[in-house]
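Here is a quick look at one protein model, meant to be read with the viewer open. We start with the overall layout and then go down to the side chains.

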Amino acid sequence: MKLGFIGTGVISDAMIRGLLSTDDAVSEIVVSRRGREFSQKLATEFDAVRIEDDNQAIMDVADIVFLAVRPQIAEQVLSGLKAPANTQIVSLIATIPIAKLQGWISGGASFDRAIPLPSVAHCNCVTAVYPGAPDVIALFEKLGGAVAADTIDAFDGYAAGSALMATYFEILESSAQWMVAHGSDYADARRYLAALFAGLSDNTIKSPDQSFAALVEGHSTPGGLNEQVAQTFMRQKGGAAIHSALDDVFARIKAASSGS
Ligand SMILES: NC(=O)c1ccc[n+]([C@@H]2O[C@H](COP(=O)([O-])OP(=O)(O)OC[C@H]3O[C@@H](n4cnc5c(N)ncnc54)[C@H](OP(=O)(O)O)[C@@H]3O)[C@@H](O)[C@H]2O)c1
């Protein structure tokens, strides 16, 4: 199988590194010369990576083509390209609807959208795809997993969910600062909390049949300290704040999608 990447930047680099560490079925990966630093490094490190100057040539040879340029220049870069009808195109470009891409890229190819995150490089990221062609799902399964959204709203919901990353670190930072105010060394608090949350993530992944609500219960001794903190968090509208933030970012994604 030959893969193509138009736009060789942060996310293409992560996907290519993940794929070449795991997927024997990939015979060649053709990448756009831009960005030059990423493409050159990849081609130097991996025999399977070849650089192409012409984006149309990538469309001509690849079975699956990933679109990974920034949204602001997508129309300019992609308009006028032609993809053979048996090509599978996977757009990683935030907010650009498939109908727009079909207007820019002729030839009757199939289109999917996906939201890989940088940890695909280590094959431990679950990627949201829409609508989710079987070969696209299979490819992301190798990079850590795939969830196929049935509707564009569900897909945009995953995009909103992916915006929780900084909030996760805000929770860690606030907790560490509170511990420092009570006498901890910051580095020790950081190490302690990082391991605590890593352990919780690990347990969560290893118990896929337990809902998060069941895990809250499982980690709350009645009358105990965990129950107390969780109840205070919810009483002070921590849950409502998360819903409100997700509502706002979802609305922003929708507005950008309709305007793009
Ligand atoms: N980073 C993430 O975590 C992430 C996650 C999911 C989706 N995405 C989406 O993926 C896309 C790329 O994101 P990114 O973070 O990888 O951005 P990036 O690092 O800026 O990569 C985009 C690349 O596109 C190249 N490019 C510019 N003009 C081009 C052209 N005419 N032909 C081919 N390539 C061209 C740029 O090269 P130059 O440097 O030469 O301009 C740049 O290296 C965005 O649409 C973003 O929404 C990103």
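## Layout

What are the helix and strand percentages over residues 161-254, and how many Å apart are the end C-alpha atoms? In this predicted model, that stretch is 79% helix and 0% strand, with its end C-alpha atoms 14 Å apart. The UniProt record, an unreviewed entry, annotates residues 161-254 as "domain: Pyrroline-5-carboxylate reductase dimerisation".

The chain splits into domain 1 (2-150) and domain 2 (163-258). Taken over C-alpha atoms, the centres of domain 1 and domain 2 are 32 Å apart.

## Nonpolar cores

The largest nonpolar core has 29 residues, and Leu 3, Met 15, Phe 66 and Phe 140 touch the most other members. H1 gives the largest share, 5 residues. A separate core of 21 residues includes Val 30, Leu 67, Ala 83 and Ile 98.

Back to Met 15: leaving out residues up to four places away in sequence, Met 15 touches Phe 5, Phe 66, Leu 92, Pro 116, Val 120, Leu 139, Phe 140 and Leu 143.

## A look at Ser 32

Ser 32 sits in strand E2. Ser 32 counts as buried because its relative accessibility is 4%, and the cut-off is under 20%.

What do the polar atoms of its side chain pair with? One lies 2.9 Å from the backbone nitrogen of Gly 7, and the backbone oxygen of Arg 34 is 2.6 Å from a polar atom of the Ser 32 side chain. Beyond four places in sequence, contacts of Ser 32 include Phe 5, Thr 8, Glu 52 and Ile 58.

Methods. Residues numbered from 1 in each chain as written. Predicted model: local features only at pLDDT ≥ 70, side-chain atom pairs only at ≥ 80, totals over all residues. Heavy atoms only, no water. Core = buried A, V, L, I, M, F, W, Y, C linked by side-chain atoms within 4.5 Å. Buried < 20%, exposed > 50% of the residue type's maximum accessible area, 1.4 Å probe, protein only. Helix = DSSP H or I, 4+ residues; strand = E, 2+ residues; numbered from the N terminus. Contact = heavy atoms within 4.5 Å. UniProt positions renumbered as here; feature names shortened; annotations may be inferred. Domains from an automatic or database assignment. Polar contact = N/O pair within 3.5 Å; in protein donor to acceptor, adjacent residues only side chain to side chain.
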